[in-house]
Amino acid sequence: MVNIGLLGLGTVGSGVFDIVKDRNESLKKSTGKNINISKILVRDASKNRNLDIDNSILTENVDDILNDDSIDIIVEVIGGIDLAYEYIKTALSKGKSVVTANKAVISLHLEELNRLAKENNCGLLYEASVAGGIPIIKGLNEALRINKIDNIEGILNGTTNFILTKMYDDNLSFEEALDLAHEYGYAEADPTDDIEGYDAARKISILASLAFDAKASIDDVECHGISSIKASDIKRFKEIGLAPKLLGCAIKKNNEFSLTVEPILVDDTSLFSAVKDAFNAVNLDCDIVGDLQFYGQGAGKLPTGNAVVSDIIDIINEDYKKFDYCPNPDIVVGENSLFEGLYYFRASLDENDDKKIIKAFEDKSIDIKYEVQDQELVILTEMISSELIANLITEDLKLPAKSYSYLRIESEVLNSLVDISF
């Protein structure tokens with residue numbers, strides 16, 4: 001018998017509970033052991049829940065779980081950072097293996113928690129922290145047994161992908177698409193983490209840490225979101241056969257790496273363009289096997305619960321011992337961004353001076369073509385670094401928030417400035 005202490009019974013926690021209960025026989029076949037959720041931490045034990053659950057296993061005191069010697073594995077799905085971090089650290093210190101879906105904690109404390117797990121001869125797994133039900137961390141680790149991976153790209157946030165899909169396919173404004181995301185339950189009451197890219201930034205930093213043997217964090221991610229993209233931008237993108245996607249990207253050259261989360265224009269025939277609504281997709285650029293592509297549901301009760309239970313199986317079977325995260329201190333974030341591309345830039349002339357903006361680009365010796373359409377300045381640049389255009393906009397021009405938008409163009413069809421016209 002393997003006893004599980006479940007911290008949290010919200011969306012993901014209830015998914016874990018249902019899977020363990022409903023698939024108990026198949027789990028026993030996979031592990032040779034009965035898996036039992038023996039205690040569950042909740043905020044309110046008296047709350048009425050639509051679950052077939054024995055209320056006697058509910059507790060409002062985390063010590064009832066962390067100090068219970070009969071509990072073998074802790075599953076943390078309460079969310080947040082500080083409390084979750086303390087609970088995970090305490091569990092590992094007591095020699096209890098931990099499974100977590102907490103991207104915020106893992107992105108901040110992966111090295112420390114991984115070291116603590118090894119010191120106490122237990123496991124720390126976090127498949128559900130990136131891309132929900134997609135087994136991307138397991139797939140990444142398997143690929144790394146043979147391959148070197150120096151480039152990762154992914155749609156890592158379902159909320160923003162849903163919004164961009166509705167803007168592109170259904171001609172909705174950003175505000176209309178966000179309202180629809182709220183209605184469908186894809187967007188939080190405060191959607192900032194999603195729409196400004198911070199959620200995806202945590203996830204790409206985790207993938208980069210593993211792929212590059214690096215110590216990467218959200219602070220290393222050059223990040224901007226999708227909230228400034230307008231319907232007029234979408235119209236122009238369609239005219240040139242490109243689709244906007246918020247991508248988390250990681251690249252490594254020699255001993256340096258760069259990370260970005262940014263809206264990128266991809267060919268409307270590409271893998272990422274075909275990923276619709278709240279689905280996720282990740283591409284690993286492997287040096288031997290080539291591109292490995294992963295696609296599936298990036299969130300939700302059962303997809304994320306599935307990832308958690310898969311990690312539970314791997315801990316029971318001790319499969320986690322096959323892989324070891326050991327960051328190399330010589331692998332560091334680059335002083336200058338390694339990303340470059342052609343860029344689309346649009347500024348509203350109700351709030352900005354087109355001549356000043358054009359001169360700023362020219363003063364940086366950036367070749368551009370531009371035109372004014374419907375009180376908007378549209379600029380297309382030559383191949384430049386992401387760092388150059390970000391500094392130009394935020395430090396030199398200091399444009400008002402939401403008065404402009406810019407996207408890197410990643411296209412196999414469009415490879416020079418003269419190829420693009422509206």
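1. Strand 11 and strand 12 form a hairpin, with 3 residues between them. In this predicted model, strand 11 (residues 279-286) and strand 12 (residues 290-297) run antiparallel and are joined by 8 bridges. Within this pairing, asparagine 283 has glutamine 293 in strand 12 as its bridge partner.

2. An open sheet is formed by 6 strands in the order 3-2-1-4-5-6, with parallel pairing. Strand 3 (58-59) and strand 6 (124-125) stand at the edges; each has a single partner strand, so one side of each is left without a neighbour in the sheet.

3. Inside that sheet, strand 4 (residues 73-76) and strand 5 (residues 97-100) run parallel and are joined by 4 bridges. Glutamate 76 has threonine 100 in strand 5 as its bridge partner. Helix 12 (residues 301-316) packs on the sheet and touches strand 1 (2-7), strand 2 (35-41), strand 4, strand 5 and strand 6. The direction of helix 12 makes about 160 degrees with that of strand 5.

4. Strand 14 (residues 340-348) is largely enclosed by the rest of the structure, because 8 of its 9 residues are buried.

5. Which strands pair with strand 14? Strand 18 (residues 404-410) runs antiparallel to strand 14 and is joined to it by 6 bridges; here alanine 347 has tyrosine 404 as its bridge partner. Strand 16 (residues 376-381) pairs with strand 14 in the antiparallel sense over 5 bridges, and phenylalanine 345 stands opposite isoleucine 379. Strand 17 (residues 384-385) is also antiparallel to strand 14, with 2 bridges; glutamate 340 has serine 385 as its bridge partner.

Technical notes. Residues are numbered from 1 along each chain as its sequence is written. This is a predicted model: local features need pLDDT of at least 70, side-chain atom pairs count only at pLDDT 80 or more; totals for chains, interfaces and linings use all residues. Side-chain values use heavy atoms; hydrogens and water are left out. Two strands pair if DSSP finds at least two bridges between them. Contact means heavy atoms within 4.5 Å. Axes are lines fitted to C-alpha atoms, for helices over the stretch in contact, and angles run from 0 to 180 degrees between N-to-C directions. Buried means under 20% relative accessible area, exposed over 50%, partly exposed in between (1.4 Å probe, protein chains only).
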